[in-house]
Amino acid sequence: MDIVVLIKKVPDPNLPEQFVSISDAQDEVVLHASSQYSINLYDLNAVEAAIGLKESAGATVTVVTADDASADQYLRRALAMGADNAIRVELDDKSRRDSFKTAQALVSALKQKSIPSLVIAGRQSSDEDAGYVPYLVAHGLGIPALAPIVSIKSASERTINVGKLADASIDEYELTLPAMLLVSNEINKPRTPGLKGVMAAKKATIEVVASEPGGVAGVPSKYSPKKGQRAIEATKFIEGSDEDKAAALLAALDK
Amino acid sequence: MKNALFVLHNSADTRSSEFATLAAIATSIGNAGYSSDLLILDTTGSSSVNVKHGSAFRNVTAVAPDKAVGDGADYLVHIVGKAASAAVSLVVGFGTISNRNWAPQVAASFSAEFVTACELIEVADNALRVTGPVMGAMVQKTLSLGDRNAVVLYSGENLAAPEGTDIVVEVSREPAEQGAVRFVASEALPDSGGIPLRGASKVISGGLGIGSGEKWRLIEEFAAKVNAAVGASRAAVEMGWVPSSRQVGFSGQKVSPDVYVAVGISGAVHHLAGIGGAKKIVAINKDPEASIFKIADVGIVGDYEQIVAAAMRKL
Ligand SMILES: Cc1cc2nc3c(=O)[nH]c(=O)nc-3n(C[C@H](O)[C@H](O)[C@H](O)COP(=O)(O)OP(=O)(O)OC[C@H]3O[C@@H](n4cnc5c(N)ncnc54)[C@H](O)[C@@H]3O)c2cc1C
């Protein structure tokens, strides 16, 4: 099986609020210069899922990101975990903020190779949280997509059976390959790469593919500060014994 | 004149507030020249649906699959895709797990903007403006749609129903396509089940402060006793105590219950992003400085185990 994993560099999800501001023209979110970045956490689950399939069923795993060289460290991390190849689709900062342009760049890079049998991505990224790019890529490749995937039950060269989270159940689906899966954190615990893997990944070559983002673009975004906190007159603190507190809790619940 | 298509999954858990909210949005975007139709996926098994405030829509249709399709996450890719033919420039649904799968696929096929968690749909200069949180709810993002097609999932507050009447529509069978994605079977989630989070009027949520998977039972038992849905912080979900369909917050579900009880939850912005619509918030936390108290109507400082156990004894 030929598996492609899509990963993304994101601002550290635990960035302190004072590091996040909005440009004067309101067209950009500006992060403080000392802000840290990381790989989107769901994408680590995606890498782990691919490597799990490689180990159980045999597969070649290629990790792909659309970014500049600052994202190479995350590709190397995936290589250290056990991925075979890494591709960076060179994409400028402005285009990267546009779901359509990002997806077009990824699709044209993937189409230069043969269409993979399986594409795995994280269910959403922690910055925009839109969860749109994988579906745009799936559309561009002409393959179906399904999310959020919480288990892989079995896989063959032609089909894959997965568990998809629903409101009150986990639903099993069988997908005919090629297909796109967007995975959630329940699917696995991403491994910590061993020293040997890390050393080898340092020396590995990352294939760089140029992109010409054209075609459709998104409408411009306008950013504004977050909504004010929920307005309350005053918090009524319940004093007294645990019995008194329990009684107040039940009263609030109309019991 | 533009056409909008609203999509609602009508199941045993669908609340009248969901019909009211969609009808309210349909009425308000009428002011920007949109005519709205409503497409209902009905999985109640009955032959007709009583559509509350249905007169707010130009046309209402209800469909049911000819076999089990799970939550409709893939079935609706095809059904909505067909219904939202070239003449539709806006598709609106709620931000449910199922909708988050079909909606971006429909959007991709129309090169439409896709908004995952829209909290505000406004009419400005005869066009639509949609707003939702990004960057862990630290920032709001607004798109002015102009002539652009869009698929918008709404997770804002419940809206009051516009004036109008209910209508009854027959359910017609729409066969599930034999596509590349086949639903096999549903398996119950590894939680005690209980009231779904979506639309619940009371929610008891637990966080990392609960301490263990065993102790999580106390939350489930208490919730069941007071007829509340179980919710959770992401930290509790990550511990594996509870499935992520119960997660409340920025990357989970937005809830607007009458009473929200946060037990052992610190009150991170990401969590608060999911509970802004709650009418009353009760917080139980052993740390009197916890940020959750800043937005709570009722604050209970103490060890939740003792307090919840005492409450259980009183029921
Ligand atoms: C991009 C992104 C998206 C996120 N989305 C979400 C989301 O959708 N929902 C969400 O919830 N989080 C989300 N988070 C995580 C969020 O930032 C917090 O980490 C999380 O909400 C913390 O969960 P918690 O309050 O349960 O845990 P903690 O912050 O660890 O709080 C535990 C609390 O329990 C209290 N406690 C401990 N023991 C007891 C006891 N015996 N009795 C009473 N109180 C006790 C402690 O005082 C503490 O306040 C997101 C984070 C990121 C980066």
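Guide: Let's start with B:Arg58, which is partly exposed at 45% relative accessibility (buried is under 20%, exposed over 50%, partly exposed in between, with a 1.4 Å probe and protein chains only). Keep in mind that the model is predicted, so local features need pLDDT of at least 70 and side-chain atom pairs pLDDT 80 or more, while totals for chains, interfaces and linings use all residues, and side-chain values use heavy atoms, without hydrogens or water. Residues are numbered from 1 along each chain as its sequence is written, with chains lettered from A and ligands numbered from 1 in written order.

The partner of B:Arg58 is B:Asp37, and their closest N and O atoms are 3.0 Å apart. That makes a salt bridge, meaning a side-chain nitrogen of Lys or Arg within 4 Å of a carboxyl oxygen of Asp or Glu. B:Arg58 sits in the loop between strand 3 (48-51) and strand 4 of chain B, and B:Asp37 in strand 2 (residues 34-42), so the pair ties together parts 21 residues apart in sequence. Helices (H or I, at least four residues) and strands (E, at least two) are DSSP runs numbered from the N terminus. While B:Arg58 is partly exposed, B:Asp37 is buried, with a relative accessible area of 19%. Over in chain A, salt bridges with shared partners link A:Lys9, A:Glu28, A:Asp67, A:Asp68, A:Asp93, A:Arg96 and A:Arg97 into one network.

How many salt bridges turn up over all chains? A search of the whole structure gives 28. Side chains of opposite charge can pair when their charged atoms come close.

One of these pairs crosses between chains: A:Lys164 meets B:Asp71, at 2.9 Å from N to O.

Chain A has its own example in A:Asp127 and A:Lys8, whose closest N and O atoms are 3.0 Å apart. A:Asp127 lies in the loop between strand 8 (118-122) and helix 5 (133-141), and A:Lys8 in the loop between strand 1 (2-6) and strand 2 (9-11), so parts 119 residues apart in sequence are tied together. A:Asp127 is buried at 11% relative accessibility, whereas A:Lys8 is partly exposed at 30%.

Chain A holds 7 helices and 15 strands, and 51% of its 255 residues are buried. Take helix 2 (residues 72-81) of chain A: 7 of its 10 residues are buried, so the helix is largely enclosed by the rest of the structure. Among the buried ones are A:Tyr74, A:Leu75 and A:Leu79. The buried residues of this helix pack against strand 2, strand 5 (37-39), helix 1 (41-57), strand 6 (60-67), strand 7 (85-90) and helix 6 of chain A.

Back in chain B, look at B:Cys118 in strand 6 (residues 113-118). B:Cys118 is buried, with 0% relative accessible area. Leaving out residues up to four places away in sequence, B:Cys118 touches B:Val130, B:Thr131, B:Gly132, B:Val152, B:Leu153, B:Tyr154, B:Ser155 and B:Gly156 (a contact is heavy atoms within 4.5 Å).

B:Met135 has a positive phi of about 50° although it is not a glycine. B:Met135 lies in the loop between strand 8 (127-134) and strand 9 (139-144) of chain B, and is buried at 11% relative accessible area. In chain A, A:Gln26 is not a glycine either, yet has a positive phi of about 60°. A:Gln26 belongs to the loop between strand 3 (20-22) and strand 4 (29-31) and counts as partly exposed at 29% relative accessibility.
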